[in-house]
Amino acid sequence: MFVTSTTYVISSLGGQQGANTVCSTVAHRAGLSGNFVAWLSTPTQPAAAALAGSRGWQRTDDVPFVDTVDDLVAGKLMYPPAKDEMGADIPVDTVVATGTTGSGGDDAGNDCNGLQGSNEPIRVGLTGNGSPDWTYEDLMTIGCDSAAHLYCFGVGHQAELSLPVASPLVFLSTNPFHAADHRAAADTECESEAASRGLPGTFMAMLGIDATPAIARFGTVTTPWHRVDGVAATADFTTFTAPIDVDPDGNHVASALVYTGAANGVTNMGEYDCASWTTSDSTDYAYVGDSSLGDSGAFAAPHMITCEHDEPVYCAQMQ
């Protein structure tokens, strides 16, 4: 699968069939063989239905995207869809027209009137994000007379995809952290969640405190942290190859705010960490990340919330 390198006016595509033709044409010009369909929905033809009978989608750089249609509609993405037909990088916040919900169905009222209207809105996704934002960014639509990129999927093949579990591990905690309970309580929760799932090693919360960067807790870092589904997510919690949206059971979690207490993994101003994780006062603030994002927003900058909220943390294994 790939993101088209060029944009197309949605109302000028010629409906779903015209969009499919665009995808196949772009793919064949890039030397990709087979049939391709566009990830676009109408009330009678949901996008996911066009993928039935196929499995094992990789990006054009041979990095796995998703194994089955069931995984796709359940949000079990591997790496985000951030490559074009030639394998070149697509910026992680690139807008892609979809008209499609996170479960692969038609987004009624936001599908260009069945891909036939020009004065209608269409739902979009963002290429660097996890599920459902890759296809359904709930705050974003564009006009159907606007130009946007398309997602294109190869069909007619069966190739199982899987990744081996690799260490060190990182996961999104299942239980929220109460900001006034001190960082040690977050560490204890990380250890407990890892141990109860049989995950080996020592785990701590990726939380900044005072002027100490979060990553400084982990000593010398030599390899990227991997989600429990085998996806390599980040080596520094500043740049990301995939969102950390998987819990210790391997479940994918739709967008969650995550306490971090720092603007990114390697710097910390010591200003926004709920008074070194000792207060839940609504007048104090902490940096938070968004687990669905595959860029710097996964860790924090520039997002903050007040400290009365209880939010999960990233639990990282010592290397």
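Predicted model: local features only at pLDDT ≥ 70, side-chain atom pairs only at ≥ 80, totals over all residues.
User: Let's start with the sulfurs. How many disulfides are there?

Analyst: A disulfide here is a pair of cysteine sulfur atoms within 2.5 Å. By that rule you get four disulfides. Number the bonded cysteines in sequence order and the pairing reads 1-4, 2-3, 5-8, 6-7.

User: Take Cys23, then. Which cysteine does a disulfide join it to?

Analyst: Cys152, with an S to S distance of 2.0 Å. Cys23 sits in helix H1 (residues 15–29) and Cys152 in strand E10 (residues 151–155), so the bond ties together parts that are 129 residues apart in sequence. Both Cys23 and Cys152 are buried.

User: And how do I get the handedness? Is the disulfide of Cys23 and Cys152 left-handed or right-handed?

Analyst: Look at the torsion about the S-S bond. For Cys23 and Cys152 that torsion is about -70 degrees, so the disulfide is left-handed.

User: What is the torsion about the S-S bond for Cys112 and Cys144?

Analyst: It's -105 degrees for Cys112 and Cys144, and that link is left-handed. Cys112 belongs to helix H3 (residues 112–115), while Cys144 is in the loop between strand E8 (141–143) and strand E9 (147–148), 32 residues apart. The S to S distance of Cys112 and Cys144 is 1.7 Å, and both cysteines are buried.

User: Where in the chain are Cys190 and Cys315?

Analyst: Cys190 is in helix H4 (residues 182–196) and Cys315 in strand E20 (residues 314–317), 125 residues apart. Their sulfur atoms are 2.1 Å apart, and with -75 degrees about the S-S bond this link is left-handed.

User: Why does Cys190 count as buried?

Analyst: The cut-off for buried is under 20% relative accessible area. Cys190 has 0% relative accessibility, so it counts as buried. Cys315 is buried too, with a relative accessible area of 0%.

User: On to the rings. What describes a pair of aromatic rings?

Analyst: Two things: the distance of the centres and the angle of the planes. In this model the count comes to 18 aromatic pairs. In one of them, Phe218 and Trp225, the ring centres are 5.6 Å apart and the planes are at 80 degrees, so the pair is edge-to-face. The cut-off behind that call is an angle over 60 degrees.

User: Are Phe218 and Trp225 buried or exposed?

Analyst: Phe218 counts as buried at 2% relative accessibility, and Trp225 counts as buried at 0%.

User: Which residues do ring pairs link into a cluster?

Analyst: Trp39, Trp57, Phe65, Trp134, Tyr151 and Phe153 are linked that way.

Key:
Residues numbered from 1 in each chain as written. Heavy atoms only, no water. Phe/Tyr/Trp six-rings, centres within 6.5 Å; stacked < 30°, edge-to-face > 60°. Buried < 20%, exposed > 50% of the residue type's maximum accessible area, 1.4 Å probe, protein only. Helix = DSSP H or I, 4+ residues; strand = E, 2+ residues; numbered from the N terminus.
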